[in-house]
Amino acid sequence: MMKNKQNTGKNKRNLILVSLICIVIIIILIFLLKNNYKISNLGNNMSNKNIEEIEKYILDISSYEATIDVTVESNKNTNKYLIKQEYIKDTISKQTVLEPSNIEGMEIIYKDNTLKLNNTRLNLSSVYENYNFAVDNYMWLDSFIQDYKNGKECNNTTLEEENDIVTMKVNLQNQNNKYICNKTLYIDKNAGKPTKLVIQDINKKNLVYILYNEITLNGLY
């Protein structure tokens, strides 16, 4: 009799344990399904937006984190870099060189109107206060956004779509820029994310070609 009671108690405990495990699994499945739906729904919402809505979405970017391939052309040579960028509007801009190896770890940090250059390999740093970072940040997405907004006021922008790729182009000839004439941002309409940024001179020669390998928008605070 005692053995039967023990078996009954054990069976109840096993039943309760199995039930709890099932409940946890169900909760996890519901959570995953909801999040997958949200991600899917976001993609559908983005793909259903017209190009004006895509344009507004890009111009309203408040933060981003990206890993980019950068090709810089000059009259004498071509230089290539792999760079990580982090940007939070009105807070911080940080750029870290990942390649080439001879300048790996170089950091450029702009915060509170102060520019800081770090060489993490040599443990060296330089600080420049009251620095006008605007003249040196042409590789940043927020620089393009500001140029595009300025150009839009002067009717110097074009907005087009072809094969689910939206292009936002700004002509900088009237913005007192001696070398850079055009900037064109390419956006994957379905993903709602930039894929590349091309900066050209007056002869439509590529000065800077930026490929966005990975980019997360509005995910930093």
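**Exercise 1. In which strand is Gln-85 found? Describe its surroundings in this predicted model.**

Solution. 
- Step 1: Gln-85 sits in strand β2, which covers residues 78–88.
- Step 2: Gln-85 has a relative accessible area of 0%. Buried means under 20%, so Gln-85 is buried.
- Step 3: look for a polar partner. The side chain of Gln-85 makes a polar contact of 2.9 Å with the side chain of Gln-95.
- Step 4: list the contacts, leaving out residues up to four places away in sequence. Gln-85 touches Tyr-64, Glu-65, Ala-66, Ile-68, Lys-94, Gln-95, Met-139 and Trp-140.
- Step 5: look further along the chain. Ile-215 is 130 residues from Gln-85 in sequence. Their C-alpha atoms are 9.2 Å apart.

**Exercise 2. Which residues of helix α2 are buried, and where on the helix do they lie?**

Solution. 
- Step 1: list them. Helix α2 spans residues 51–59, and its buried residues are Ile-51, Ile-54, Glu-55, Ile-58 and Leu-59.
- Step 2: look down the helix axis. The buried residues of α2 fall within an arc of 130°, so they line one face of the helix.
- Step 3: inspect the N-terminal end. Asn-50 caps α2 there. A side-chain oxygen of Asn-50 lies 3.1 Å from the backbone nitrogen of Glu-52.

**Exercise 3. At roughly what angle do the axes of α2 and α3 cross? Find the residues that meet.**

Solution. 
- Step 1: take the geometry. Helix α3 covers residues 141–153. The axes of α2 and α3 come within 10 Å and cross at roughly 125°.
- Step 2: classify the angle. It makes α2 oblique to α3.
- Step 3: name the residues on each side. From α2 come Glu-55, Ile-58 and Leu-59. They meet Ile-145, Tyr-148, Lys-149 and Lys-152 of α3.
- Step 4: return to the list of buried residues. Glu-55, Ile-58 and Leu-59 are among them.

**Exercise 4. Is Ser-143 buried or exposed? Find its partners.**

Solution. 
- Step 1: Ser-143 belongs to helix α3.
- Step 2: read its accessibility. The relative accessible area of Ser-143 is 9%, so Ser-143 is buried.
- Step 3: find the polar contact. The side chains of Ser-143 and Lys-183 are joined at 3.1 Å.
- Step 4: Beyond neighbours within four places in sequence, Ser-143 is in contact with Asn-137, Tyr-138 and Lys-183.

**Exercise 5. In which sense do β7 and β8 pair? Follow the pairing onward to β10.**

Solution. 
- Step 1: start with β7 (residues 157–162) and β8 (residues 165–171). They pair in the antiparallel sense over six bridges.
- Step 2: examine their turn. β7 and β8 form a hairpin with two residues between them. Asn-163 in the turn has a positive phi of about 55°.
- Step 3: move on to β9 (residues 182–188). β8 and β9 pair in the antiparallel sense over seven bridges.
- Step 4: trace a row across the strands. Leu-159 stands opposite Met-168 in β8. Met-168 in turn stands opposite Leu-185 in β9.
- Step 5: check the cover of β9. Five of its seven residues are buried, and β9 is mostly covered.
- Step 6: go on to β10 (residues 193–200). β9 and β10 pair in the antiparallel sense over seven bridges. Asp-188 has Lys-193 in β10 as its bridge partner.
- Step 7: inspect this second turn. The hairpin of β9 and β10 has four residues between the strands, and Gly-192 takes a positive phi near 70°.

Note on methods:
Residues numbered from 1 in each chain as written. Predicted model: local features only at pLDDT ≥ 70, side-chain atom pairs only at ≥ 80, totals over all residues. Heavy atoms only, no water. Buried < 20%, exposed > 50% of the residue type's maximum accessible area, 1.4 Å probe, protein only. Arc of directions from axis to C-beta. Polar contact = N/O pair within 3.5 Å; in protein donor to acceptor, adjacent residues only side chain to side chain. Pairing = 2+ DSSP bridges. Axes fitted to C-alpha atoms, helices over the stretch in contact; angles between N-to-C directions. Parallel < 35°, antiparallel > 145°, perpendicular 65-115°, else oblique. Contact = heavy atoms within 4.5 Å.
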